[in-house]
Amino acid sequence: MPEIHPTAILSPRAVIGRNVAIGAYSVVGDDCVIGDDCVIDSHVKIAPFTTIGPRTRVYFGAVVGDDPQDHRFVPGVKSFTRIGSGVTLREYVTVHRSPFENAITEVGDGSLLMAFVHVGHDARIGRRVTVANNSVFAGHVVVEDGAVVSAYVLVHQFCRIGAFCMIGGRTLVRQDVPPFCMLSEDNTVCGPNVVGLRRGGFDDGRRLNIRRIIKNFFFRGLNSAQALERIAAELPGDPDAEAFRDFIIGSTRGIMPGNPDLIRIAATHPTEEVSGS
């Protein structure tokens, strides 16, 4: 049976699953769906047209699915927010729905958003993404599966963060970060996300190939076309190389740069590794 605090306010048009707990003074709006075994803490707002998957926990003060911070938004527009299963939204997280009819803001299964994280309208956060405290995603941002975003990161609208990336703390992401990369605190790519790849189950051979991909693209002094050609020649048919290439080709904002010091090292000592193991 659901455990609903008597001070909580639930719309009669909301659908509440089995074994759901909703704390004091929380509000669940019209046309919301709360999946089985969810825990909604006190003083939480779940705004209309929000779906929350099973086994998700929403902590104190979070606001999920509220109106976007966008001049184009017209009150009454029907757009959606979808939170996956097994997601954790910590204190005062905010996730905003789209200003556009039938569009979706989404957080994928198993993701963890720590305190004060903001997810802007039309953003898509993938599965098993970890975002540390006070990081902010502007509208239309895409974060792919398995990425880790450190604290106090600012991500410009329409940017993409690739799968299994690691974004260092206090960085400004103003262009796309390709899959498997580590973006350091000086806002440059410094090599592969070795720890994240290991945790993600990438074996030694895959990690070595990914290091070659990143070194060729960022640290050989090649332009993008030359680098992708070299990667394709060295790793024909490699699925990680193809995923990396497709991400680069699909970029509309351009790619965050490589560390210039490491580019100079690679040019001077071409056999040396630039970062990671």
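A salt bridge, as used in these legends, is a side-chain nitrogen of Lys or Arg within 4 Å of a carboxyl oxygen of Asp or Glu. You're looking at a predicted model, so local features need pLDDT of at least 70 and side-chain atom pairs count only at pLDDT 80 or more, while totals for chains, interfaces and linings use all residues. Residues are numbered from 1 along each chain as its sequence is written, and side-chain values use heavy atoms, with hydrogens and water left out.

**View 1. The whole chain.**
The protein chain holds 5 helices and 28 strands; these are DSSP runs numbered from the N terminus, with helices being H or I of at least four residues and strands being E of at least two. The C-alpha trace spans about 70 × 40 × 35 Å along its principal axes. Buried residues make up 51% of the 277; buried means under 20% relative accessible area, exposed means over 50%, and partly exposed is in between (1.4 Å probe, protein chains only). Of the contacts with a separation of 6 or more, 34% are between residues 24 or more positions apart, a contact being heavy atoms within 4.5 Å.

**View 2. R13 and D31 join up across two loops.**
The whole structure has 15 salt bridges. In the one shown here, the closest N and O atoms of R13 and D31 are 2.5 Å apart. R13 sits in the loop between β2 (9–10) and β3 (15–16), D31 in the loop between β5 (27–28) and β6 (33–34), and the two are 18 residues apart, so this pair links distant parts of the chain. D30 belongs to the picture too: R13, D30 and D31 are linked in a network of salt bridges. Both ends of the pair count as partly exposed, with R13 at 47% relative accessible area and D31 at 31%.

**View 3. D176 and R160, a buried pair.**
The side chains of D176 and R160 meet in a salt bridge at 3.2 Å, N to O. D176 lies in the loop between β26 (172–173) and β27 (181–183) and R160 in strand β24 (residues 160–161), so the pair ties together parts that are 16 residues apart in sequence. D176 has a relative accessible area of 1%, and R160 has 17%.

**View 4. R90 and E91, a partly exposed pair.**
A salt bridge joins the side chains of R90 and E91 at 2.8 Å, N to O. R90 has a relative accessible area of 28%, and E91 has 23%.

**View 5. F116 and the residues it touches.**
F116 is in the loop between β16 (112–113) and β17 (118–119). At 46% relative accessibility, F116 counts as partly exposed. Leaving out residues up to four places away in sequence, F116 touches E91, Y92, V93, N134 and S135. V93 is 23 residues from F116 in sequence, yet their C-alpha atoms are 4.7 Å apart.

**View 6. Two open sheets.**
Strands of a sheet pair through backbone hydrogen bonds, either parallel or antiparallel. Two strands pair here if DSSP finds at least two bridges between them. β2 pairs with β5 over 2 bridges in the parallel sense, and I9 stands opposite V27 in β5.

The other open sheet has 11 strands and mixed pairing, in the order β1-β4-β7-β10-β13-β16-β19-β22-β25-β27-β28. Its edges are β1 (3–4) and β28 (189–192), each with a single partner strand, so one side of each is left without a neighbour in the sheet. Parallel strands β22 (residues 148–149) and β25 (residues 166–167) are joined by 2 bridges, and V148 has M166 in β25 as its bridge partner.

**View 7. Helix α2 from start to end.**
Helix α2 covers residues 204–218, 15 residues in total, and reaches 21 Å from first C-alpha to last, close to the 21 Å expected at 1.5 Å a residue. The expected span is 1.5 Å times one less than the number of residues. At its start, a side-chain oxygen of D203 comes to within 3.2 Å of the backbone nitrogen of G205. Buried residues of α2 include I210, I213, I214, F217 and F218, and R207, R211 and K215 are also among them.

Technical notes
A polar contact is a pair of N or O atoms within 3.5 Å; within protein, one must be able to donate a hydrogen and the other to accept it, and residues adjacent in sequence count only if both atoms are side-chain atoms.
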